[in-house]
Amino acid sequence: MIIDTGMNREECLRPMRSALQKLGIDLNKTDFFITHLHADHSGLVGVLASDTSKIYFNKTEASFVNFQPNEDYWMKHFIFYASHGFPEDEMKRVWEGHPGYRYSSRRQISFSVMEEGDNIEVGNYLFRCIETPGHSPGHMCLYEANKKILICGDHILFDITPNITHWEQLENSLKHYLANLDKVYALDVNLILPGHRNIWNDHRKRIIELQEHHKNRLDEALSAVQDGGKTAWEVAPYIAWDIVCNSWAEFPSLQKFFAVGETIAHLDYLEADGKVRKEMKNHKLLYSLA
Ligand SMILES: [Zn+2]
């Protein structure tokens, strides 16, 4: 079973194929588990899966996406960002560079739909599905209780932080995310395998750091709206982003887009918490202290 696949582009397919060949993997005898819908995880599954492959995917995301978001979906998405102050010229550049738009799977896929507590048996491994919405609406981890292994997709990352953005399909995504960090904290884990970059063993230490990170961002967002009436676009530069740029203006457009999405998620959280309020003025959503 292959867990997550990389983007649907030649630069990802080539090393994937050569690695599979080195490992002697027969794709006709291979199933797939996709932790969540993002193109860097799901993109290549349509190319790699054979007619006999099972493709396990979470129920929530299977219900609204078949890896083929159309033009209307993206248009709606961008209109939403415009209401949060995202400028049109920047948006055009985002559209051109967005990995979800460019590198998603291009074919309809029939999924084996998984829910919390479902098991997948592979050789000597018995994986339990753990629903962890937050980074995406239906994000799912796999836990092997006997071997104490957690395969966590983008729920926990170690030298970068998972992007927590606004989702139409998941109200208050940050609240879900933080609750699902607690959920995973409770698991007994010796080896944690994240979707990107470094591997570490201590998931609990990292969870505490991630919780602290979002608490700081919430404080920054709250203090940014103290003098009132700001869009998420205007709040975003007040937040400390870990990026090699001298100023907000220098951020690449796609990074501004991800940053504004994160800012909206934090403002959603503060709004649900009764700390900020939101009002529509001249087609823009403005946040101020409640
Ligand atoms: Zn992701």
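This is a predicted model: local features need pLDDT of at least 70, side-chain atom pairs count only at pLDDT 80 or more; totals for chains, interfaces and linings use all residues.

Trainee: Which residue in E3 stands opposite Ile34?
Mentor: Strand E2 (residues 32-34) and strand E3 (residues 55-58) run parallel and are joined by three bridges. The residue in E3 opposite Ile34 is Phe57.

Trainee: Which strands stand at the edges of the five-stranded sheet?
Mentor: This open sheet has mixed pairing and the order E5-E6-E7-E8-E9, with a twist that averages 25° from one strand to the next. An edge strand has a single partner, so one of its sides is left without a neighbour in the sheet. The edge strands here are E5 (119-122) and E9 (191-194).

Trainee: In what sense do E5 and E6 pair, parallel or antiparallel?
Mentor: E5 and strand E6 (residues 125-131) are linked over four bridges. Within this pair, Ile120 stands opposite Phe127 in E6. The sense of the pairing is antiparallel.

Trainee: How are H9 and H11 oriented to each other, roughly parallel or roughly perpendicular?
Mentor: Two packed helices are described by the angle and the distance between their axes. The axes of helix H9 (residues 203-224) and helix H11 (residues 253-272) come within 10 Å and cross at roughly 80°. Angles of 65 to 115 degrees count as roughly perpendicular. H9 and H11 are therefore roughly perpendicular.

Trainee: How many nonpolar residues are in the contact of H9 with H11?
Mentor: H9 contributes His214, Arg217, Leu218, Ala221 and Leu222, which meet Glu262, His266, Leu267, Tyr269 and Leu270 in H11. By class, two residues of this contact are polar, two are charged, and the nonpolar ones number six.

Trainee: Is Arg217 buried or exposed?
Mentor: Arg217 lies in helix H9 and touches Ile239, Ala240, Trp241, Glu262 and His266, leaving aside residues up to four places away in sequence. Its C-alpha atom is separated by 9.8 Å from that of Leu267, 50 residues apart along the chain. Because its relative accessibility is 5%, Arg217 counts as buried.

Trainee: Which element gives the largest share of the largest nonpolar core?
Mentor: This core has 48 residues, of which Phe86, Leu150, Ile156, Trp248, Val260 and Leu267 touch the most other members. Among the elements that give two or more residues to this core are helix H5 (71-83), strand E8 (149-153) and H9. The largest share, nine residues, comes from H11.

Trainee: How many residues does the other core have?
Mentor: This core lies apart from the largest one and includes Ile2, Phe32, Ile34 and Leu170. Its number of residues is 19.

Trainee: Where does Lys148 lie, and is Lys148 buried or partly exposed?
Mentor: Most residues other than glycine have a negative phi. Lys148, although not a glycine, has a positive phi of about 55°. Lys148 lies in the loop between E7 and E8. With a relative accessible area of 28%, Lys148 is partly exposed.

Trainee: Is Arg197 buried or exposed?
Mentor: Arg197 lies in the loop between E9 and H9 and has a positive phi of about 60°, although it is not a glycine. Because its relative accessibility is 59%, Arg197 counts as exposed.

Notes. Residues are numbered from 1 along each chain as its sequence is written. Side-chain values use heavy atoms; hydrogens and water are left out. Axes are lines fitted to C-alpha atoms, for helices over the stretch in contact, and angles run from 0 to 180 degrees between N-to-C directions. Angles under 35 degrees count as roughly parallel, over 145 as roughly antiparallel, 65 to 115 as roughly perpendicular and the rest as oblique. Contact means heavy atoms within 4.5 Å. Ala, Val, Leu, Ile, Met, Phe, Trp, Tyr, Cys and Pro count as nonpolar, Asp, Glu, Lys and Arg as charged, and the others, Gly among them, as polar. A nonpolar core is a set of buried Ala, Val, Leu, Ile, Met, Phe, Trp, Tyr and Cys residues joined through side-chain atoms within 4.5 Å. Buried means under 20% relative accessible area, exposed over 50%, partly exposed in between (1.4 Å probe, protein chains only). Two strands pair if DSSP finds at least two bridges between them.
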